[in-house]
Amino acid sequence: MSEETPNPSNGAPSNGTPILEVTDLRVAVDGKEILKGLSLTVNAGETHAIMGRNGSGKSTLSAAIMGHPRYEVTGGSILFEGEDVLAMAVHERARKGIFLSFQYPVALPGVTVSNFLRQAVKAVRSDDVPTKAFRPLVKENMKRLDIPNAFMTRYVNDGFSGGEKKRLEMLQMAMLQPSLAILDETDSGLDIDALKVVSAAINLLRDKGRAQLLITHYQRILRYVEPDFVHVLLGGQIVKSGGPELAQELETRGYEWLETEAA
Ligand SMILES: Nc1ncnc2c1ncn2[C@@H]1O[C@H](COP(=O)(O)OP(=O)(O)O)[C@@H](O)[C@H]1O
Ligand SMILES: [Mg+2]
């Protein structure tokens, strides 16, 4: 990162503790280097947006944080709440409180939404949710996310529309209460109603102990969830950081001016 484009979350004094610290990260896919020294700090209580063109490496970043085996970390470090993420197995990352929203969820015929959520909470949340508390908690989250009751007895993603899959995933996220939620292009292809569910779920998680990373190539979702910081990913690095106004600027000006600036 150059001197003229300080990362506000790195540069500004913050009383939030760091949730995610990515330092000089280098990641290769099939032997080709995609991320070339990316640095990013996300503190507790903050919502960050990562923006960039298709192919700029946004999903590579989320895959590296989550531990996808195909993405080879060749340099740098990732810390989650001060611990070395790269030394953790994938399930461990989830157990510690990292949640990644998937673009292509799988169907589980024979497994009801209700059972699925129970198992997911059991597997991931360290603070055990007692049986008696589980139902009211699901109900409350369903109400907040405007999800009909009939949902619970259906089989996971079996015949679900795109919007329904996203609703289920957001309900799962609301139940898991992750310290760090990464939403990678969660807005693409969704209608306004589904987008509102996604926004409501993110806003439910916004509190001083948690952080969210919204990855998107267009600005639509940021009309519903205002990020504290916006970063632009270009050429494998964060080339510019700013506040919500940067997303506006990208909407009107596109990415070309940054390419010229970075060159
Ligand atoms: N699984 C993969 N196999 C081969 N190439 C990949 C794979 N994932 C990403 N890439 C390549 O890495 C680059 C960055 O991709 P990606 O991180 O998916 O970008 P974004 O999410 O910003 O659209 C692209 O050139 C893409 O073709
Ligand atoms: Mg992507």
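This is a predicted model: local features need pLDDT of at least 70, side-chain atom pairs count only at pLDDT 80 or more; totals for chains, interfaces and linings use all residues.
Residues are numbered from 1 along each chain as its sequence is written, while chains are lettered from A and ligands numbered from 1 in the order in which they are written.

Q: Why is H5 called oblique to H6?
A: The axes of H5 (residues 131-144) and H6 (residues 162-176) cross at roughly 130 degrees. Under 35 degrees counts as roughly parallel, over 145 as roughly antiparallel, 65 to 115 as roughly perpendicular and the rest as oblique, so H5 is oblique to H6.

Q: Which residues make the contact of H5 with H6?
A: Leu137, Val138, Asn141 and Met142 of H5 meet Leu171, Ala174 and Met175 of H6; contact here takes C-beta atoms, placed from the backbone, within 7 Å.

Q: What makes S2 and S5 edge strands?
A: The open sheet runs S2-S1-S4-S5, with antiparallel pairing. Pairing takes at least two DSSP bridges between two strands. S2 (32-43) and S5 (83-84) each have a single partner strand, so one side of each lacks a neighbour in the sheet.

Q: How many bridges join S1 to S4?
A: Eight, between residues 18-29 and residues 71-80.

Q: What surrounds ligand 1?
A: Its shell includes Asp30, Lys58 and Arg70, picked by a C-beta atom, placed from the backbone, within 6 Å. Helix H2 (residues 58-66) gives the largest share, three residues.

Notes
Axes are lines fitted to C-alpha atoms, for helices over the stretch in contact, and angles run from 0 to 180 degrees between N-to-C directions. Helices (H or I, at least four residues) and strands (E, at least two) are DSSP runs, numbered from the N terminus. Two residues are in contact if their C-beta atoms, placed from the backbone, lie within 7 Å.
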